[in-house]
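Student: I would like to go through this structure with you. Shall we begin?
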Amino acid sequence: MRNEIRIARKKIFVNDDSSSVETSFAHGTGYKPAMRDIFSWTSKGWNALRMCRKKSCMNSAPPNDPYVRYVHSIEELVSTPMRDGINALCLKRSLEGDFAEVIRHLRVERGITTLDRAELLALPVSEAGKIAIQTMLRDQEQLQEYGLDAEIDCVNGYIGHDQQGLMRTDVCSFHIDRATDVADTYLCTYAGASSIGVCHEDVIPRAQIPAVRKALLEDFGGADDESFLEYLTENFYDLHYEALPDARMFSFGVGHLWRIAVDYPGNPVTPCIHRAPDPIEGEPPRLILIGWVSRTSDALRLVTDSRM
Ligand SMILES: [Fe+2]
């Protein structure tokens, strides 16, 4: 039996057998990357930062990134420890099947719809569509065999995406996932735009941009002290990042299965900073697989997030 917990926009499932361990997942972390002293930046520097999305270097091919390691099987993907700076593992694949046809047969509302096995198998698709469905279900089953859980989601835009508060904290903002226990995030894009990663050396915490911090401090109503840091954490403000000009970015690509590092106490590696692709009005929905796993003593627990 699983209990469902919602924390902000997060949906979390915790197995009963590990209920004694506090579990939560969130966007972001208290992680502080080594970086230049951002408060010494000139206005020219901040203007450059505002332009960073246009100037950043995007690599659409599977990245030749020092923090990414490629593996050759799901078993290797699941079992390889992340260390020595590696914070993302990728199983490169070229998948067969017509995933776009599957999308065309789905009837989904705006937002994120989790697809179940029976629903997918009932779709009146061609042989190519059936191959796509079997591929997704096989991925899901293989991860389950390793004690993981994963959802197949159809992402048809985001609800409330345009309603930003004091600071941008949506899934299309660069962020890291956070857990209170050992965990990883698994991701695969089957169709549509894929997630984007960025080198952790090429970002700054958004909450440390002076204008943003000033607004947050005004909302907090206190001093920039430990209590304010708690306020940032409680509101997920400490989890989001802004890419610097010429930031090294990469696409997660289509078909590849990823396991990325999240922030949790004692994680030996830097969490992988990533974001969902920006939704484009009129574009077909995306098909993705996403899952989180947490290993605690003998128990494996899954925590599910908001579909990056
Ligand atoms: Fe995420």
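Student: Is His175 buried or exposed?
Tutor: His175 counts as buried because it has 28 C-beta neighbours inside 10 Å. A residue is buried if 20 or more other C-beta atoms lie within 10 Å of its own, exposed if 12 or fewer, and partly exposed in between, with C-beta atoms placed from the backbone.
Tutor: This is a predicted model, in which local features need pLDDT of at least 70 and side-chain atom pairs count only at pLDDT 80 or more, while totals for chains, interfaces and linings use all residues. Residues are numbered from 1 along each chain as its sequence is written.

Student: Where does His175 lie?
Tutor: His175 is in the loop between β8 (151-156) and β9 (177-179). Helices (H or I, at least four residues) and strands (E, at least two) are DSSP runs, numbered from the N terminus.

Student: How far apart in space are His175 and Arg275?
Tutor: Their C-alpha atoms are 6.2 Å apart, although 100 residues separate His175 and Arg275 in sequence.

Student: Turning to the backbone, what is phi of Phe236?
Tutor: Phi of Phe236 is near 65°, a positive value in a residue other than glycine. Phe236 belongs to the loop between α8 (226-234) and β13 (241-243).

Student: And why does Phe236 count as buried?
Tutor: Phe236 counts as buried because 21 C-beta neighbours lie inside 10 Å.

Student: What about Asp84, buried or exposed?
Tutor: Asp84 counts as exposed, because it has 10 C-beta neighbours inside 10 Å. Its phi is near 55°, a positive value in a non-glycine residue, and Asp84 lies in the loop between α3 (74-79) and β6 (88-91).
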